[in-house]
Amino acid sequence: RALRDLKKAVALNQAAAALRAKDYSLAREAATRALDVDPANAMGLYRRAQALAALGELDEAEARHRRG
């Protein structure tokens, strides 16, 4: 469990850093990795939605938001 929590934390931090650096593709990938570990993680969902919106993928962001 500790390893899964560490992987999630690293991926969430990478997503945050990528968003600040405006590397939205990397942010999307990192947030998705965090969500692979914990699909209901609110911060992962939020960061992935931010990245998708910045990439102009609003339809996908909205669809993923509705699915949770």
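A residue is called buried here when its relative accessible area is under 20%, exposed when it is over 50%, and partly exposed in between (1.4 Å probe, protein chains only). Helices are DSSP runs of H or I with at least four residues, numbered from the N terminus.

This is a predicted model, in which local features need pLDDT of at least 70 and side-chain atom pairs count only at pLDDT 80 or more, while totals for chains, interfaces and linings use all residues. Residues are numbered from 1 along each chain as its sequence is written, and side-chain values use heavy atoms, with hydrogens and water left out.

Start with helix α2. Its buried residues are Ala27, Ala30, Ala31, Ala34, Leu35 and Val37. Seen down the axis of α2, they fall within an arc of 150 degrees, so they line one face of the helix. The arc is taken from the directions that run from the helix axis to the C-beta atoms. An α-helix has 3.6 residues a turn, so residues three or four places apart point the same way. Helices α1 and α3 are among the elements that cover the buried residues of α2. Contact here means heavy atoms within 4.5 Å. The length of α2 agrees with expectation: its 14 residues should span 20 Å at 1.5 Å a residue, and its end C-alpha atoms are 20 Å apart. The expected span is 1.5 Å times one less than the number of residues.

Now turn to α1. This helix covers residues 2-20 and has 19 residues. From first C-alpha to last it reaches 27 Å, close to the 27 Å expected. Lys8, Ala11, Leu12, Ala15, Ala16, Ala18 and Leu19 are its buried residues. They cover an arc of only 165 degrees around the axis, which puts them on the same side of α1. They pack against α2 (24-37) and α3 (42-54). The other side of α1 holds exposed residues: Ala2, Leu3, Leu6, Asn13 and Arg20.

What follows α1? Lysine 22 does, with a positive phi near 65 degrees. Lysine 22 is not a glycine. Its place is in the loop between α1 and α2. Lysine 22 is exposed, with a relative accessible area of 60%.

Helix α3 comes next. Asparagine 41 caps its N-terminal end, with a side-chain oxygen 3.1 Å from the backbone nitrogen of methionine 43. Such a polar contact is a pair of N or O atoms within 3.5 Å; within protein, one must be able to donate a hydrogen and the other to accept it, and residues adjacent in sequence count only if both atoms are side-chain atoms. The 13 residues of α3 should span 18 Å at 1.5 Å a residue, and its end C-alpha atoms are 18 Å apart, which agrees. Gly44, Arg47, Arg48, Ala51 and Leu52 are buried in α3. Seen down the axis of α3, these residues fall within an arc of 135 degrees, so they line one face of the helix. Just after α3, glycine 56 takes a positive phi of about 80 degrees.

Which residues does arginine 47 touch? Not counting residues up to four places away in sequence, arginine 47 touches Leu12, Asn13, Ala15, Ala16, Leu19 and Ala31. Arginine 47 is buried yet has no salt bridge. The nearest side chain of opposite charge, aspartate 38, is 12 Å away. In this count Lys and Arg are positive and Asp and Glu negative, while His and the chain ends are not counted.

How many salt bridges does a search of the whole structure find? It finds three. A salt bridge is a side-chain nitrogen of Lys or Arg within 4 Å of a carboxyl oxygen of Asp or Glu.

One joins the side chains of arginine 1 and aspartate 5, at 3.8 Å from N to O. Arginine 1 counts as exposed at 78% relative accessibility, and aspartate 5 as partly exposed at 34%.

Another joins lysine 8 and aspartate 38, at 3.2 Å from N to O. This pair links distant parts of the chain: lysine 8 is in helix α1 and aspartate 38 in the loop between α2 and α3, 30 residues apart. Lysine 8 is buried, with a relative accessible area of 18%.

Arginine 28 and glutamate 57 also meet in a salt bridge, at 3.0 Å from N to O. Arginine 28 lies in helix α2 and glutamate 57 in the loop between α3 and α4 (58-67), so the pair ties together parts that are 29 residues apart in sequence.

Key
Helices (H or I, at least four residues) and strands (E, at least two) are DSSP runs, numbered from the N terminus.
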